[in-house]
Amino acid sequence: MLDVPMLDIHAVSYAYGDVAAVRDVTLRAGERQLIALTGPNGSGKSTLLKLIARVYAPHAGEISLEGKPIAAWAPKEYARRVGYLPQEPDPAFPMRAVDVVVTGRAPYLSRFAWEGAGDWEEAERALALCDAAHLAGRYLDEMSGGERKRVFLARVLAGTPRLILLDEPFAALDLSHVQQFSTLLRSVVDRTGCTVLFAAHDLNWAAAHSDRMLVMQNGALALDANPSEVMRPEVMHTYFGFDAETVTSGGKTWIVPR
């Protein structure tokens with residue numbers, strides 16, 4: 001019997017009115033993978049993540065998790081397995097980081113129940129995984145953008161999901177924080193065994209630690225390959241519309257626009 005993939009997307013399409021956003025996308029993902037989802041603006045990256053996260057329902061095709069259509073999962077059971085962090089999460093309201101992170105335990109709580117000792121331990125563990133234990137008592141509105149992103153990622157991790165979906169986690173971060181966050185995503189996959197699928201525009205940092213890169217174009221999945229096959233001048237020209245050269249350093253390939 002063939003192994004059942006953790007995530008199986010088959011011929012999925014979605015449109016906003018008459019405008020196709022995702023067109024006939026098919027892909028599979030297994031465990032312990034860091035997968036970068038790339039492509040120009042408007043190529044369907046965010047919509048595809050929302051379809052997997054059940055924010056939207058496909059107009060055609062099917063998405064399955066662990067061999068079961070995602071629409072058939074009970075909401076709490078799905079939330080325990082799939083964590084989603086949108087491009088613009090909650091604003092920086094005056095709330096302590098650890099109190100934000102423990103809300104990620106909601107799928108495990110019965111109605112009207114309060115968090116128990118085990119939930120607070122998971123919150124602290126998640127902060128530590130994100131190298132953010134020192135932020136536990138700090139308030140969100142006192143943090144930098146990079147610090148808040150670590151806290152929101154920790155909230156997702158507190159739910160111990162097997163699949164994590166991140167929409168533009170590098171957005172609005174300076175170069176130092178982009179470097180730190182891309183390294184953090186690799187560490188999360190290696191230390192927890194989960195799979196992370198993240199949308200990104202920064203191709204160099206998307207490729208730096210990923211196992212696999214997906215390239216979207218006009219709503220379709222145009223390329224599914226390892227980073228070394230994507231980070232090539234001809235790929236940049238064909239799918240991203242700019243001329244580039246490659247530089248190899250530290251065992252990694254970097255794209256430099258001409």
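# Close-up views of a predicted model

**View 1. The surroundings of R105.** Apart from its neighbours within four places in sequence, R105 is in contact with D119, E122, A158, G159 and T160, where contact means heavy atoms within 4.5 Å. The structure is a predicted model, in which local features need pLDDT of at least 70 and side-chain atom pairs count only at pLDDT 80 or more, while totals for chains, interfaces and linings use all residues. Residues are numbered from 1 along each chain as its sequence is written, and side-chain values use heavy atoms, with hydrogens and water left out. R105 is found in the loop between α3 and α4; helices (H or I, at least four residues) and strands (E, at least two) are DSSP runs, numbered from the N terminus. At 10% relative accessibility, R105 counts as buried, because buried means under 20% relative accessible area, exposed means over 50%, and partly exposed lies in between (1.4 Å probe, protein chains only). A polar atom of the R105 side chain lies 2.9 Å from the backbone oxygen of A158. Such a polar contact is a pair of N or O atoms within 3.5 Å; within protein, one must be able to donate a hydrogen and the other to accept it, and residues adjacent in sequence count only if both atoms are side-chain atoms.

**View 2. Arginines over tyrosine rings.** The charged end of R105 sits over the ring of Y108, 4.2 Å from the ring centre. In another place, R54 lies over the face of Y78, at 4.5 Å from the centre of that ring. A charge sits over a ring if NZ of Lys or CZ of Arg is within 6 Å of the ring centre and within 35 degrees of the ring normal.

**View 3. T103 in its loop.** T103 is found in the loop between α3 (97–102) and α4 (117–129), and at 35% relative accessibility T103 counts as partly exposed. A polar atom of the T103 side chain lies 2.5 Å from the backbone oxygen of V100. If neighbours within four places in sequence are left aside, T103 is in contact with M95 and R155. T103 and D119 are 16 residues apart in sequence, and their C-alpha atoms are 9.0 Å apart in space.

View 4. The structure holds six aromatic pairs, and one of them joins Y14 and Y56, which are stacked at 4.9 Å centre to centre with 0° between the planes. This pair links distant parts of the chain, with Y14 in strand β1 (residues 7–16) and Y56 in the loop between α1 (45–52) and β4 (60–65), 42 residues apart. Y14 is buried, with a relative accessible area of 12%, whereas Y56, at 23%, counts as partly exposed. Y16 and Y56 form an edge-to-face pair, at 5.8 Å centre to centre with 80° between the planes. Rings of Phe, Tyr and Trp (its six-membered ring) pair if their centres lie within 6.5 Å; planes under 30 degrees apart count as stacked, over 60 as edge-to-face and the rest as tilted.

View 5. Most residues other than glycine have a negative phi. E66, although not a glycine, has a positive phi of about 55°, and E168 also has a positive phi of about 55°. E66 is found in the loop between β4 and β5 (68–69) and is partly exposed, with a relative accessible area of 31%. E168 lies in the loop between β7 (163–167) and α6 (175–192) and is buried, with a relative accessible area of 8%.

**View 6. The buried side of helix α9.** The buried residues of helix α9 (residues 233–240) are V235, M236, Y239 and F240. They cover an arc of only 100° around the axis, which puts them on the same side of α9; the arc is that of the directions from the helix axis to the C-beta atoms. After α9 comes G241, whose phi is positive, near 75°.

**View 7. The nonpolar cores.** Of the 54 residues in the largest nonpolar core, L153 and F198 touch the most other members. Helix α5 (residues 145–158) gives the most to this core, with seven residues. A second, separate core of 28 residues includes L7, L51, A53 and L197. A nonpolar core is a set of buried Ala, Val, Leu, Ile, Met, Phe, Trp, Tyr and Cys residues joined through side-chain atoms within 4.5 Å.
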